[in-house]
Every structure is written in C-alpha cells, then in structure tokens.
Amino acid sequence: MDTTMYNPFVMPFAFGVVILFLNLIISFVTWLYNLSKTQRKQVGRHIISWRTLAAIWECLRECLLHRNIFKRNPVLGYMHCSLAFGWSLLIIVGKFEASTYSGSFFTNPWLAIFFRYFEDPSRIFPHKELFTFLMDFLLAVVLSGLLLAVIKRFYSRLMGLKKATRHTPSDRIALISLWCIFPLRLVAESLVAGYRNNGGFLTQSLGNLLAPFNLPIDPIWWAYSIALCLFFIFMPFTRYMHIFTEILLIFLRKWGVVEEDKKTGYTDVELAACSRCGICIDVCPLNTAAKINDTQSVYFIRDIRDNVISHRIINDCLLCNRCVEACPVGIKSTKIRQIYREKKSFENKQYYDYLNPAATGSTTSGNKSPKVLYFAGCMSHLTPGIIDSMKKIFKAAGEDFVFVDEDKNICCGRPLRQQGFLDQANTLMAKNVQLFNSYNAEILVTSCPICYNSFKTEYKDLNIKVMHHTQYINMLIEEGRLQVNHSDKTFAYHDPCEISREENRIFEEPRNILRAAGTLLPLTNEKADALCCGSSLGNTVLSTEQIEDIRNQAMDVLTKDNPDYIVTSCPLCKKTFKKGLRNGPEVKDIAEIIIMG
Amino acid sequence: MEKFDIIIIGGGPAGLNAAMRLSNMNYKTLVLEKEKVIGGKLNQWDKLFPDFTPAIDVLKYLTENIKQENTQISTSTSVTKIDKSDNLWKVTDSNNNEYLADAVLITTGFDVFDARRKEEYGYGIYPCVITSVDLEKMLETGTINFPIETSDRRRRIAFIQCVGSRDEKSGNHFCSRNCCICAVKQAIEVKEVVPDSDVYCFYMDLRMFGQHYEELYRRSQQEFNVNFVRGRVSEIAPTFDNRVVLKAEDTLLSRPVKMTFDLVVLMVGMNPSEGTKTLSSLLDINDEYGYVVSQDEHVADNLTNKAGVFVAGTCKRQLTVPETMKDADSAAIEIANFLNRR
C-alpha cells in the first residue's frame, strides 16, 4: 500500500460506507424476498427485456435529474437535481480523477473522496487542470443546492410549498450531517489548497484567504469524514433511504409489479421510497379546505416507518388520489392506506345476521341476452333523477338494455374494499361477476364512477366491456343515435375523483357531451387537478363540518364564473353539491342535462 | 314620506296579530306583505292541530279585529332596504316607496324545506311522492288524488317524518317541532277521507310536547289504526306499476322494511323564509341558518340588538301557530312600551 495515500481519518468514512452497504443489502434482499408470488413472476418475466433499459433511463431522469419535480417548481427541481446529480457526478468525476492520478482504476476507495489531501501537487497527470476545475464546479453546484435546501427549511413558500414536512430525531442527525458534508469538504480542500496550491477556482480562492491564519488541516478532514460516516449510518433509518430505494422502485414498477390487496415487499419498497418532499401536503383537500394537516400521505408513510401509525391517520383520507397524482416518485399511497385498513373480522357482523342472504338482490336472472346492461349502483339509487334520465336516454337511442339492479342489486364492493373489508367485498364481487356474465351482454354501463372504477380495476373475470355513462352517451352521440340540442346554457363540469386520476381518466367524453349541449366554462382546477367534493366513501372519520369545508372549496371553483348549471357525472358528487346550494346554479348529472335539452 | 308608529314586515299570523293588538292601542300601523293576500302560511293550511280548527277562522278573527282606521296594509310588497335615519327607521319597499317609523317588527316567518334537496325521496320525480303542504291542499278539497288509479286494492299511504329537520346531512340540525303532531293530524284526516286504507308513519321519535298532542296520537292509533314505524327511510324507488317502494329499517324490530305505497307524504321541515334571511342579514342579526336572533331568549325575546327593531314568530325559530300568536302578543306589549317611552 502506498503509505502516502493513507491517514487514520479515512476510517470513519470507510466504516460508514461498509455499514451503509450492509444495511442496503439486507433491506433490498428482505424486500425482494417478501414479494408475492405474482410479483416475483412479473420480475422474472420482464427482467430481461426493454423494460430494464426503460427503467435505467427513468432512473437517470427521475433519481438524478428529478424531472417531475422540475415540472412542478423549477427552484425545487434545481435543488433536488443539484444535490443528486451534482453529488453523483462529484463521485464519478472524482473517481476518474483519482484513477488517472494513480494510474489504476482499482485504487484505494477513499482516494477519490479525500483526493486533494493525498494529491502530490508536483505530480503531473492527464487533464489535471480540467479535473480540478470540474471538481470545484461540481462542488459549487452541490453547495448551491444545499443553500436552497437550507432556505427551504425556513422559507418553504419559495419552492411553491406551503408546508415543509416535520422531522424525527434520526432525520435531524442525518440532515445536519448532510448539510455539513459539503461545507466541510469545501473548507478542507481549501485549507490544503492554501498550503499546496492544488485548488481550483473555488477552493484555491478560499484557500488563499484562509492561508494567513495557519489553520491545522487534519481536524477539518476528520470532521468531513465523520460527517460522511454519520450520514451513511443514519441514512437507512431516515427519509434519505429514498435515494437508493427509488431506484429499486423504478425497476420493479417497470417490470410490472403492482401493489396488491395485502402487504408485500413491494409495499415496503414504496414506503421507503418516499422522499418526504411534502408535495402531497399542498394538494390534499383535507389540508387546503379542512385544516387537517397531520394525515397526508407523507405523514402516513412516516408514521408507518416509525411504527407509530394510528387508526385516525390510516382512515382520515378521502382516497381522492390527488396526492398520488402529484407524487414525484409515483407512490400509490392510497392503495397502501387500503392495505392498512384491512379488517380481519367484521366488527358489526352480529347486527346484520338477521339479513336474509336471498333478499339481497337478484343474482340469477340471465335468460335473455341484451346488448347493454345498466348498473345504477347504490348511489344512483339515492339520486333517482339520474336513473330516470338514463332510462330516457336508452329509450331515445332505441337501446336493447336490461336494468340489472332495478330491484336494488348488491353493492359493487368498492366502499367495503376502501374500508378494508376485503373478504366481504370479494364475496359481493363474485356474485356480481356471476350475474353480469350470465347475460352475455356486450356493454356494462354504469352511472356511478365508484362502480365503474371497481368494475374496471378490481373485477378480474368480467367478460363484458365496462363503460361509464359519459362514455356511453358520448358514443351514442357520435354514432348519431342520440340527438343533443345546443342551448345557450353555461356549464361548469366537476370531474369526479374516481374517473379523473390514475389509470381511469375520463376527461374528453363528458366535455364533448357538454360542448354539444351548451357552453362549457374553463375552471382553475379540472381534469386530474379537480378537487374532491368531500363526500368520499373512502373517509368515514370526517365530521359534517369538515366535509362541508371541503365541498365549499370545490364549489368555489365551480361557481366562480356563475354557470347556469354545475354538472357532474357522479351521483355522490351531485348529492353533495346539491346539499350545499341555496341560491345558485342548479346541480345536474350529465344524463339529466341531455334529457333536459 | 309617510311616518308610522310601527311598520310590521310580514302579514302572516304573527304580523297580523301584532297589528291587531297595536292598532287597537291606537298606534298608527303599516303592514307590508310580499304576497298578493295577507295571512301567510294560514292560507296554505286547511285545519290546525291539535283541535282541527280551520285555519281560515284564525285569519278571519285577526282581520276582523284589526282597527282599520289605524292600520294600512300593503300587499305584493317586499322590503329591499332598511336603515336608521336619525331616531327613526326608514324602510324602502320593492316599489321604491319609503316609509318612516319609530319601530319595526319583523314577522317574516318560515318557508318549508325544499324536498327536492333530498333526492333519494324522489320528490318532483315520482308523482306518488308529495309534501305535507301538497296534502293539505288536497284535504282542503276533501279528496285525496292518488296518481295511480285502482279500484280493487286497499290504498297504502306513508308519512315520512323529519324531512329536512334533525338532519345533519341537509344542514338542518334543528327539530321543526310541528311535523310530528301535524302528521298525526293529517293521518287522521286521510283515514277520514279514505277509510279503506292503511296509513304508516315512519319516525325517529315522536315529540308530542303540546297540550292534547299525546291524546291525539293515542286516538290516531286506537280509533284510526294509524301504524307508527320507528326508523328513518333510506330511499324511495318506483315500482313497475308506477307506485313507489320505500326502504327503511324498523329499528324496534331490528328488521329491514320494504313496502309499496300509493302515496308518500314528506313532512317537510321549517326553514327561515327568503324574506327572513334577507332582513336578518341586512340588519346583521342573523344566525347560521338565517334566522333572526333575539336579544335574549329568556327575558328579551322580542327585542333585537338593534334598538327599535322587534321580532316575533317563526322568523326567529320553529313555533306552532298558538305559540306564534302568543309571541306576537308579547311583541306588541314590548313595542307599546317602547313607543310610550318616546
């Protein structure tokens, strides 16, 4: 070993790195081991395919450049990019510099990290000046990002964030050591440069300033190494674990792994991939309208990781998916919430024992084969105006249809699923599948986005095309089977959560219909950015007052330009808005608008 | 600009009773009524509980006993502006007439809850679903019009209590106080008109607080066979023959109930009227529903926080007709005292 390339201060760093990698290996192996059978199959099927290349590309884009955060706010994006991309380049360029210097790629691993200390300034190696400049430049970039991070801690509004996340003690140690690493590196390298004149534009200038004070060099390098060590040791127990986990998450996701009904290793990966950026806090209607600011995805995930998760935090969520839509890492936190809501026993079972199973809707009448099945769902049954209009639409289009739950069929199962009653939901789903398939119909039309989402994403063995009534009505209009009269009325359209986020995005069909029927007003929050009406079946812990606050927030958006009608395509949203209106525009379902014109 | 001792806004039972008392005490009184005729909700009701007094008799008594030479009544007139001018109140009406008065009495009353807001009951969608106000109009004519004709079947009629009252979801937390006994009265009347029928009343709990209410409730069961079912109705849906099927839970039997009816009567609750909401907010004396807030419910219930502005009747809270009359009496005394001090 070249003795000039060793000093005891490298030991904390080396120790930290070893601990870090041991930790990472244990975590990654545990997570992968805990994947479900189907998830492992997915990985096996796609590991050798273009998906892996796509994952690498996405890692570069998201983990290093943080494109999604850039899109949201350029300053916040620059902060993440300069820290992540800057630091990794610092490591890579530093490694090249050290290898070029020593003439071997397999040199002491710490040489790159502490290069300026061990460098003999008299030794000449290729591109020496370029390396020196690059390393200083990268350090400057990282420091600028760090400066922004410090500012963000105290003035989060600068980054477009109204709230910054709160920290745990281990977070704080990791954060402080992270903040110290680069300033210490700057001072350490500058001190060396002051004595040996081997610095770049940044370190040499600072070095020259510090030189007259004759400061000792070694203690600063010790501090630098210890800061690295502390960060590496605490990192796996803090939010910074996301740095490595996100890479694994991107690969697993590209390979087709999805969150399942029960907890798997993939759930742990998603939980650990949360960077606690806090973007979900600002988009959450509970925060913006009802002043509830301890239950958002970031806190939910943090509390699970810290093992202090409470019943209320798990349940106080509208499952509106606005946070999932905004999450730069793409964590399906609402799905994880449903996993944590799972109830092993039906607490209220005794109260329903008297119910006669035979009385819960018909499930066997399938002797004719209509073209269309209409499923109104429980909520449409509470808003009979919608059912009435749908019947008239079917009649006007001359459709061959069966109203499959006319006599109040069983529920689609989604409300139970959202509350964690998986077995009960599955029983209902199986009955429904049996019923729908028995008709041999072509299309299943539902006027409820909750049922639609359920049929579309949770029903696996359904041999029928599922359509939301907006899609179906739009199809009728396009086929010329339904005439819509254009009126001079103005509409504000409310996108229901269940069909405006994640994989179910029904935006154009309702808008086409409304443009045909009148004038559609633009809104400040629409499509994937639409606000929740507040009455979500996903949240059973909100008080009426809180629901009203959330509803009013959504209504403010809708009534801003004084439309003649607030139009929605969800019976639940319709009911909610109707309750909130005294003297204002009327609230109508899109089917009612068609019938009215 | 004409000057009065007192301007009464609202010509229903409270306003007319106060006008009667004050005009007989020789105060120069003006009554402003937004409708074409005076009488307010007395015009919408056939008979009053609990003793089946015709509402028209009450109205007749009031109009006959108002001292004409002291009273001016202006119908089809609503108030658009009210403000203090020196020591007097200046009231501007919808015809841009301006009046001055020493005191103003607000008796703008209530409106019934708009049953269409509870869409699950299908009011305005199914012809079989009507409100208690609609039923009262039928009772006035002496016949019950069932939307679906039949000759061979016993008729079934349901009353649903607390539509828009004690209902957190519709935003009305309060009890409307009149509906429980009113349904009992109407159920008896329906049985008198259609003896060959079954009448069911779905309730949360029955609040028979007034004199003779409990007796009437007992009579409705013993003499008229009215059935009372404890449980809120969750939804109403049409049947193949255009009647309606009602879903509820009988909470005494712990059993779900599904029944078909020829007629469903929604006992709509009481909300502050539009006039009440406008005036209470113009004067900044409104509560969260838009009711007028009196100065002190216990000792100054006819006064408001605005000197010279008085209040009586159902623009303040939910009251029965006799309670409204007595409230107007006490308002007249408060006003007379106020005017005498001037």
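Predicted model: local features only at pLDDT ≥ 70, side-chain atom pairs only at ≥ 80, totals over all residues.
Let me begin with a network of salt bridges that links A:Asp261, A:Arg414, A:Arg417, A:Glu458 and A:Glu498. By salt bridge I mean a side-chain nitrogen of Lys or Arg within 4 Å of a carboxyl oxygen of Asp or Glu.

Residues are numbered from 1 along each chain as its sequence is written, chains are lettered from A and ligands numbered from 1 in the order in which they are written, and side-chain values use heavy atoms, with hydrogens and water left out.

Now to chain A as a whole. Its C-alpha trace spans about 90 × 50 × 45 Å along the principal axes. Chain A has 29 helices and 10 strands; these are DSSP runs, numbered from the N terminus, with helices being H or I of at least four residues and strands being E of at least two. Of the 597 residues in chain A, 56% are buried. Here buried means under 20% relative accessible area, exposed means over 50%, and partly exposed lies in between, with a 1.4 Å probe and protein chains only.

Let me return to the salt bridges. How many does a search of the whole structure find over all chains? The search finds 58.

A:Lys392 is in helix α21, residues 384-396 of chain A. Because A:Asp388 and A:Lys392 are four residues apart in that helix, about one helical turn separates them. A:Asp388 is partly exposed at 30% relative accessibility, and A:Lys392 is partly exposed at 42%. A:Lys392 also lies 9.2 Å from A:Ala591, C-alpha to C-alpha, although 199 residues separate the two in sequence.

The next pair is in chain B, where the side chains of B:Glu274 and B:Lys277 meet in a salt bridge at 3.4 Å, N to O. What separates these two residues along helix α6? They are three residues apart in that helix, residues 274-282, and therefore about one helical turn apart. B:Glu274 is partly exposed, with a relative accessible area of 37%, and B:Lys277 is partly exposed at 22%.

In the last pair, A:Arg61 and A:Glu62 meet through their side chains at 3.8 Å, N to O. A:Arg61 is partly exposed, with a relative accessible area of 21%, whereas A:Glu62 is buried at 5%.

I turn to the cysteines. A disulfide is a covalent bond between the sulfur atoms of two cysteines. The criterion applied here is a pair of cysteine sulfur atoms within 2.5 Å. How many disulfides does the structure hold over all chains? The count is zero. A:Cys280, for instance, is in no disulfide, and the nearest cysteine sulfur, that of A:Cys323, is 6.2 Å away. A:Cys280 is buried, at 11% relative accessibility.

Next, the surface of chain A. A patch of positive charge gathers A:Lys37, A:Arg40, A:Lys41 and A:Arg45. Patches are made of residues with over 30% relative accessible area and no salt bridge, joining like charges within 9 Å and nonpolar side chains (Val, Leu, Ile, Met, Phe, Trp, Tyr) within 5 Å. A:Arg45 is in helix α2, residues 37-46, and is exposed at 55% relative accessibility.

A nonpolar surface patch of about 580 Å² is made by A:Ile91, A:Ile92, A:Phe96, A:Phe105 and A:Phe106. A:Ile91 belongs to helix α5, residues 74-102, and is partly exposed at 45% relative accessibility.

Finally, some details of the backbone. A:Arg276 is not a glycine, yet has a positive phi of about 55°. A:Arg276 sits in the loop between α12 (265-272) and α13 (279-283) of chain A and is buried, with a relative accessible area of 4%. In chain B, the phi of B:Asn26 is near 65°, again positive in a residue other than glycine. B:Asn26 lies in the loop between α1 (13-24) and β2 (29-32) and is partly exposed, with a relative accessible area of 49%. A cis peptide bond, with omega about -5°, joins B:Phe49 and B:Pro50. B:Pro50 is in the loop between β3 (47-48) and β4 (53-54) of chain B.

How values were computed
Areas by Shrake-Rupley, 256 points an atom, 1.4 Å probe, with all protein chains shown as cover. Lys, Arg positive; Asp, Glu negative; His and termini not counted. Charge placed at Lys NZ, Arg CZ, Asp CG, Glu CD.
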